[in-house]
Amino acid sequence: MSTESLNPLVIAQKQIKKACDILGVEESVYELLKEPMRVLEVSIPVQMDDGSIKVFKGYRSQHNDALGPTKGGIRFHPDVTLDEVKALSMWMTFKCGVVGLPYGGAKGGVVVNPKELSNDELQRLSRGYIRAIASIIGPEKDIPAPDVGTNAQIMAWMVDEYNKIVGYNSPAVITGKPLIYGGSKGRVAATGYGVALMAREAVKRLNMDFKDCTVAIQGFGNVGSHAGLSLKRLGAKIIAVSDVYGGIYNEKGIDAEKLVEHVNKTGTVCNFEGTTPITNEELLTMKVDILVLAALENQITSANANEVKAKIICEGANGPTTPEADKILSEKGVFVVPDILANSGGVIVSYFEWVQNLMNYCWTEKEVEERQEIMMVNAFNSIYDLAQQYKVDMRTAAYMISIKRVYEAMKVRGWL
């Protein structure tokens, strides 16, 4: 029985090593990429509404800045760990590299359940976190953004706090802001829209008709819901959806727009009219054309990969498939669009927001969507062609393209 590691840092290191080996780069490249260049651990004292002081643990990991300033979200979640933040910062480096953005990867996290805090406590924590990491972030250094458990409002508080510290208005320090405060049109939907675009491209490569495709979506937060809306708009039929509370199924199809309304009212996909309840495990192993993974890490493992019946897996979440599961899926002929490509829409439009902030200029939503589509489709095609050339899966090819870019930047800068 294999002892499968579910530690995201170990998984990220395995993925990097595999691509480095196939590329045949010198050992020092892997040595430079297997750990972040800088990690900050902070304690954030927050005054709670009852007057007591509670101290929260926070992290910021900056993986590699060979291609440009580091970039990555801030996660507020009770299960945040140092290894997870490190791994996520590493995945961000390769996500930026794979679509050709002038960024390295970073990630931040605070060990907290944001649902347990009042609005005022959440604001004080958000501001406290920025004060704690202010010395290592900035528009030319490291640009945070929202992630699991954070949103545009939290980003607005953080930018405001950063502006107070530096003494001037610096909107480009953080992306994913509200529109009124320097945000970009199309940013909220960007990750989910990108997942749908990548599913569409995979369908084309398998010579299937998108209009005949059935879809199951695990996770119906920001990414899952916008992926659902975009998949419906492109013509696919969603037949199953799950969230942390359970899942729903209707073979005739689930209306994504009505489901979003239902979730906004009830807080869950469960008990949606016209659907029957299913478990998360049933959803993952359902006979569908496209399975969208938009929840958390380690959903498809060696334990359930053999049962997967989807033809295409599109990874909206970070790290939802383990390396052991990848091997099994590859042998089964499942076409996996890897996370560092499938969910790169968020960082692409974050990059557009940063550019607009630096220019003090706004693009239209149509411009944003069109530019995102061009970047993602070009990246998909490059990865697909490389995968065919080296006879490897899409994930390995994506890492190879990205590592080659980072490697060339490190070499030209004299790091190697």
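Glu 369 comes out as partly exposed in this predicted model, with a relative accessible area of 24%. Its side chain meets that of Arg 233 in a salt bridge, at 3.8 Å from N to O. Because Glu 369 sits in helix 13 (residues 365-390) and Arg 233 in helix 7 (residues 222-234), the pair ties together parts that are 136 residues apart in sequence. Arg 233 itself counts as exposed, at 55% relative accessibility.

Elsewhere, salt bridges with shared partners link Arg 75, Glu 84, Lys 107, Asp 147 and Glu 297 into one network. Within it, the closest N and O atoms of Asp 147 and Arg 75 are 2.7 Å apart, and both residues are buried. Over the whole structure, the search turns up 30 salt bridges.

Turning to the strands, strand 11 (residues 312-315) points Ile 312 and Cys 314 one way and Ile 313 and Glu 315 the other, with all of them buried. Strand 10 (residues 290-293) runs parallel to strand 11 and is joined to it by 4 bridges, with Val 292 opposite Cys 314. Strand 12 (residues 335-337) pairs with strand 11 in the parallel sense too, over 3 bridges, and Phe 335 stands opposite Ile 312. Between strands 11 and 12 the chain passes through helix 10 (residues 323-332), giving a right-handed β-α-β crossover.

Conventions
Residues numbered from 1 in each chain as written. Predicted model: local features only at pLDDT ≥ 70, side-chain atom pairs only at ≥ 80, totals over all residues. Heavy atoms only, no water. Buried < 20%, exposed > 50% of the residue type's maximum accessible area, 1.4 Å probe, protein only. Helix = DSSP H or I, 4+ residues; strand = E, 2+ residues; numbered from the N terminus. Pairing = 2+ DSSP bridges. Right-handed = clockwise from strand over helix to strand, strands pointing away. Salt bridge = Lys/Arg side-chain N within 4 Å of Asp/Glu carboxyl O.
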